[in-house]
Amino acid sequence: MSETTGALSARIFTLLAQLPDPEIPVISLVDLGIVREVRDGPPPVVVITPTYSGCPASLVISRQIRAALDADGLTGVTVQTELSPAWSTDWMSDAGRDKLRAYGIAPPETAAGRRARQDQEAARCPQCGSGRTAEISRFGSTPCKALWRCLDCAEPFDRFKCI
Amino acid sequence: MQNGLALRLGDDALILSHRLSEWCGHAPTLELDLALTNIGLDLLGQAQFFLNLAGQAEGQGRDADALAYRRTEDAFCNCLLVEQPNGDFARTIARQFLFSTWQELLFQQLQGSPDETLAAIAAKALKEVTYHAGFASDWVVRLGDGTPESHRRMADGLEFLWRFTDELFEGDFASLRPAWDARVDAVLREAGLARPKPVRALTGGRNGRHSEHLGHLLAQMQYLPRAFPDAVW
């Protein structure tokens, strides 16, 4: 690597910000907070973290990153998965939240108190913006989402679970 | 000891994950089908982390796949609770409730473990397990406080599985008992369900002595890798 480490890190983040999440392609792996950091080497390391322990997209994601690095001539950069600290939806970028909302998925809130099941606040409907919504199911089409519906416009929608 | 712990936790997660996968396409509603298989998926991921750790500690080159697919039932050390057949939906919920409540308390403790890898897995899994315990608790209340039939089925499920709960608190897990009792009692109270009467406990899973059900489960789970060793996609 001829670049300074700061420049390399910026280059890698720019590169990976173009990679869509395999299951929610409207946001990138960087938006989602899966790409945790780029460590100086040698060799330089891209540190990634899974959203959920059993997320079936994890393997695809690490392969996507490997392929993108290779295609950009960064074959010497390694990709490493780390669990700690555990991924949190708090790491999702504001840009990522906006993209989710525009796509029809209620983004995760950042807040305390969400772990107690009674304290789960109502989601805001991504279609009409109403706060009168109800949970249909705690589990949705992917591990990271729950199924909700709007009591005003009656549309069902996915809600990103806060963890 | 550490190896034993990772192996126990990995086997618990793996076997329950497989049981939950059996619901795929069979749950009462589509939402529940998704819920049960999602929980199974989380557990499968946890199993992979724990079993890889157990394999590393063992130092004989076995990874999670080798441990999952190439051991016979007497080498598994999961608790008997997780290998019990699904029964009806209420029994599956009862099993999940009893187990996830225990797992949540255990992982709260383990996230402070001096073993960094174990602590990281526990902290990660805790977020998922908290969700599982909440889901199962909600359904215990919904079924217990529902129709006479749902109440009866929920009570039956709890009564049948109660004999496997003492095993959860064997050895180094004994300290979890008071908190587990309190949590379980609170949910049962909300559900209008009586705590099952004490019964003679069935144990032995941690030492490889299993019910007849585990062998059948493994026969299905291990068929492909045993028939075609080292097959890849």
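**B:Pro178**

I started with B:Pro178 in this predicted model, and B:Pro178 turns out to be exposed, at a relative accessible area of 57%. My note on the terms: buried means under 20% relative accessible area, exposed means over 50%, and partly exposed is in between (1.4 Å probe, protein chains only). B:Pro178 sits in helix H8 of chain B, which covers residues 177-191. Helices here are DSSP runs of H or I with at least four residues, strands are runs of E with at least two, and both are numbered from the N terminus. I also checked B:Pro178 against B:Gly4: they are 174 residues apart in sequence, and their C-alpha atoms are 24 Å apart in space.

**Ground rules I wrote down**

Residues are numbered from 1 along each chain as its sequence is written, while chains are lettered from A and ligands numbered from 1 in the order in which they are written. Since this is a predicted model, local features need pLDDT of at least 70, side-chain atom pairs count only at pLDDT 80 or more, and totals for chains, interfaces and linings use all residues; side-chain values use heavy atoms, with hydrogens and water left out.

**B:Arg195**

Next I went to B:Arg195, in the loop between H8 and helix H9 (212-221) of chain B. B:Arg195 counts as partly exposed, with 34% relative accessibility. Which residues does B:Arg195 contact, leaving aside its neighbours within four places in sequence? I found B:Trp162, B:Arg177, B:Asp181, B:Asp185 and B:Leu188. A contact means heavy atoms within 4.5 Å. I also looked at B:Ala155, which is 40 residues from B:Arg195 along the chain, with 8.8 Å between the C-alpha atoms.

B:Asp230 has a positive phi, near 65°, and is not a glycine. B:Asp230 lies in the segment after helix H10 (223-227) of chain B and is exposed at 62% relative accessibility.

Chain A has a positive phi too: A:Ala154 comes out at about 70°, although it is not a glycine. A:Ala154 is in the loop between E6 and strand E7 (156-160) of chain A. Is A:Ala154 buried or exposed? It is exposed, with a relative accessible area of 57%.

Then I found a cis peptide bond between A:Ser84 and A:Pro85, with omega at about -5°. A:Pro85 belongs to the loop between strand E3 (78-81) and helix H3 (94-103) of chain A.

I counted three helices and seven strands in chain A. From the N terminus on, the order is α-β-β-α-β-α-β-β-β-β. Its C-alpha atoms fill a box of roughly 55 × 30 × 25 Å along the principal axes. Of the 163 residues in chain A, 47% are buried. Among contacts with a separation of 6 or more, 53% come from residues 24 or more positions apart.

**The strands of chain A**

What is the strand order in the open sheet of four strands? I read it as E4-E7-E6-E5 in chain A, with mixed pairing. E4 (105-106) and E5 (133-137) stand at the edges with a single partner strand each, so one side of each is left without a neighbour in the sheet. Two strands pair if DSSP finds at least two bridges between them.

E5 pairs with E6 (residues 145-150) in the antiparallel sense over four bridges. I picked out A:Glu135, whose bridge partner in E6 is A:Trp148.

E1 (residues 35-39) and E2 (residues 45-48) of chain A also pair in the antiparallel sense, over four bridges. A hairpin through five residues joins them. Here A:Glu37 has A:Val47 in E2 as its bridge partner.

I finished with pLDDT, the predictor's confidence in each residue, from 0 to 100. Chain B averages 95, with 99% of residues scoring at least 70. Chain A has a mean of 85, and 90% of its residues reach 70 or more. Where pLDDT is low, the predicted coordinates should not be read in detail.
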